[in-house]
2 protein chains.
Amino acid sequence: MSIATVSRALNTPEMVSPATVERVRQAVDELGYRPNLFAKGLLTRRSRVIGVSLPDIHGLFFSELMRSADDRACELGYHLLVSSNAHRADETPTGGFALDLADGLIVMLTERSRVDLEAIAALNLPTVVVGVDRPGLAVDTISFDNVTGAMSAVAHLLEGTPPDRCYFVGGHVGNIDSDERSAAFSEALRRDGHEPAPDQVAHGEYHFDWGWAWATEMLRQGRLRGAAVLGGNDEIAIGIANAARDHGLSIPEELRVIGFDDSSMCDCVRPKLSSVRIPVNDLGAEAVNAIIRRFEQPDSSPRHSRLATTLVRRDSSRVGPAG
Amino acid sequence: MSIATVSRALNTPEMVSPATVERVRQAVDELGYRPNLFAKGLLTRRSRVIGVSLPDIHGLFFSELMRSADDRACELGYHLLVSSNAHRADETPTGGFALDLADGLIVMLTERSRVDLEAIAALNLPTVVVGVDRPGLAVDTISFDNVTGAMSAVAHLLEGTPPDRCYFVGGHVGNIDSDERSAAFSEALRRDGHEPAPDQVAHGEYHFDWGWAWATEMLRQGRLRGAAVLGGNDEIAIGIANAARDHGLSIPEELRVIGFDDSSMCDCVRPKLSSVRIPVNDLGAEAVNAIIRRFEQPDSSPRHSRLATTLVRRDSSRVGPAG
DNA sequence: CTGAAAGCGCTTACAG
DNA sequence: CTGAAAGCGCTTACAG
């Protein structure tokens, strides 16, 4: 039997007689033959591998993202080649890559300074960008709508707290999500007729410690009691809540707190943390769907999908007595 | 200039005149040439890709593991091809794989029933197994020492709680870590002269809900006050602590709790959760080191390294007044 | 339905 | 130091 027939029996069995297919199958099983994927890729230009470039693999957000992407990829017969360091290096966001083994690339961007779409386009690889949505971008994008989520959080804060006692404590300036959330926070106050004072918006890092430090300083100045805070993410919000409680403020009676991300921690802290839910599972699965759509329809016009975020109300921001 | 010279200029510049190397570099830059990794891999049999097979990408443990592995891989010029679904499928733990693109495999095993080392050996790929350490295994392994960590946790519980009021609430039977921790828990009580009653060890799932459910039932029976619990992981421990607090028990005064994993949540809950620390960062980095060592010395005898675990004492298990 | 042959884009002895 | 040539293990027209 020729090597060509074996190849056909494995890849296009309908072109081969059933008896031959069966013989090939048996031989494959017995010998434990596995086709050389490099030789195959050299010819077919397909590896069924999707490159994933993440800004940082850190915390629950990214593990959930990876999980949903991996689940979806597996369903569709694809595999994930991951790298976060691409973004840490000062080089191109995709520099030095083995990513050429991938059929395409999912690039998550969180830093405004890192949004170098030309470098990405220069890779000449099908690409889906996650986290950025600029009008008229020539590449598929998937992002989530920080604005409506943040605005409904502020609306909820305003139910029980005057606008000048509302705060936003975000990540660092230049982080796309933090900036969008911060802007939405300010805009929501303005629509309520209040021009936010500069100190109503603070920027630090997406970390407990920053929330704790901010709250501690506010407590020292005696300005936290009676306030309401929207954290840039859940960690910051929990840091704030912890500092407040460590200093004897009760939540939500004396301080109302809302986080962002709706990570699994929200249900584990006491009081349970209200949070703006980001549909991370959809984000991962949609990114995989989008890159595969791009494989199948390389010339279709770029699609931009923006996933909704929603406020999940829990005890940490409750107004009035426990329900 | 011949194609062979270009290849040499890129891969072994010391074999080419400096002027030629420079000309090649320039041309590469201008044309944006990137070598075809499939063709290259076909010849060299090296891709600088490491396959990582995880039981489940879930929670902070796995995101930390991925992160440390990715950091280390990047330092050494390698990339990670991840899959968790390999373990979910009922097929071989590495079935249907694009992992043949990898130079080697890091396989993390957590289920006793999944420990099919013959199937792994049949892959005929350099392999490092994480999470299992059987004497005489013919493959490199990296694991962590659940026993000493669990034993020191029990010793700490016994400082303030009688042995018959100590409990272990673990993951499901068949989970390697849970079983080891459970066995160590029982053994520690025995060494203290107490044969543990069957109900002192409970098995469920590695999840808040299970901890919550277990504690709720214990509370209903009025058996939780004055007890001390070692959780199979931090989530279980937090679930237990939350249930206790929701029912008015104060921690650590009326219930002492220790978790396992020392995840970042331990510092975020109140009271802060004591926990047995697993050196996850070392685990990821060591796995990468080990697989690369295996690449470089394919015939060296298998190495088995076992990382220490240590109890981190925080308020949730404190004996006596706050320090 | 099957086989012989060309070729994917590289690397690496082998000559020069 | 450089080039011509073979070949890595596959797939895919092209004949038969």
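**Exercise 1. The chain–chain contact**

Solution. Two residues are in contact if their C-beta atoms, placed from the backbone, lie within 7 Å. The model is predicted: local features need pLDDT of at least 70, side-chain atom pairs count only at pLDDT 80 or more, and totals for chains, interfaces and linings use all residues. Residues are numbered from 1 along each chain as its sequence is written, while chains are lettered from A and ligands numbered from 1 in the order in which they are written.

Step 1: Helices (H or I, at least four residues) and strands (E, at least two) are DSSP runs, numbered from the N terminus.

Step 2: Ala, Val, Leu, Ile, Met, Phe, Trp, Tyr, Cys and Pro count as nonpolar; Asp, Glu, Lys and Arg count as charged; the others, Gly among them, are polar.

**Exercise 2. Symmetry and the shared strand pair**

Task: Find the rotation that superposes chain B on chain A, then describe how strand 2 of chain A pairs with strand 2 of chain B.

Solution. Step 1: the rotation is 180 degrees, with 0.0 Å of shift along its axis and an RMSD of 0.0 Å. That is the relation of a two-fold axis. Copies are superposed by least squares on the C-alpha atoms of residues with pLDDT of at least 70 in both.

Step 1: the same surface serves both copies, as 100% of the contact residues of chain B recur in chain A.

Step 2: strand 2 (residues 79-83) of chain A pairs with strand 2 of chain B in the antiparallel sense, over 3 bridges. Pairing requires that DSSP finds at least two bridges between two strands. A:Leu80 stands opposite B:Val82.

**Exercise 3. The DNA surface**

Task: Identify the residues that come nearest to DNA strand C and to DNA strand D.

Solution. Step 1: DNA strand C has 22 residues around it, and A:Ala4, B:Ala4, B:Ser7, B:Asn36 and B:Ala39 come nearest. A residue is near if its C-beta atom, placed from the backbone, lies within 6 Å. Helix 1 (3-11) and helix 3 (37-44) of chain A, with helix 1 (3-11) and helix 3 (37-44) of chain B, each give two or more residues.

Step 1: around DNA strand D there are 22 residues, and A:Ala4, A:Ser7, A:Asn36, A:Ala39 and B:Ala4 come nearest. Helix 1 and helix 3 of chain A and helix 1 and helix 3 of chain B each give two or more residues here.

Step 2: the surface near DNA strand C has 12 nonpolar, 8 polar and 2 charged residues. The surface near DNA strand D divides into 12 nonpolar, 8 polar and 2 charged.

**Exercise 4. A sheet in chain A**

Task: Give the strand order of the open sheet of 6 strands in chain A.

Solution. Step 1: the order is 7-6-8-9-10-12, with mixed pairing. Strand 7 (201-203) and strand 12 (310-312) are the edge strands.

Step 1: strand 10 (residues 274-277) and strand 12 of chain A pair in the antiparallel sense over 3 bridges. A:Arg277 stands opposite A:Thr310.
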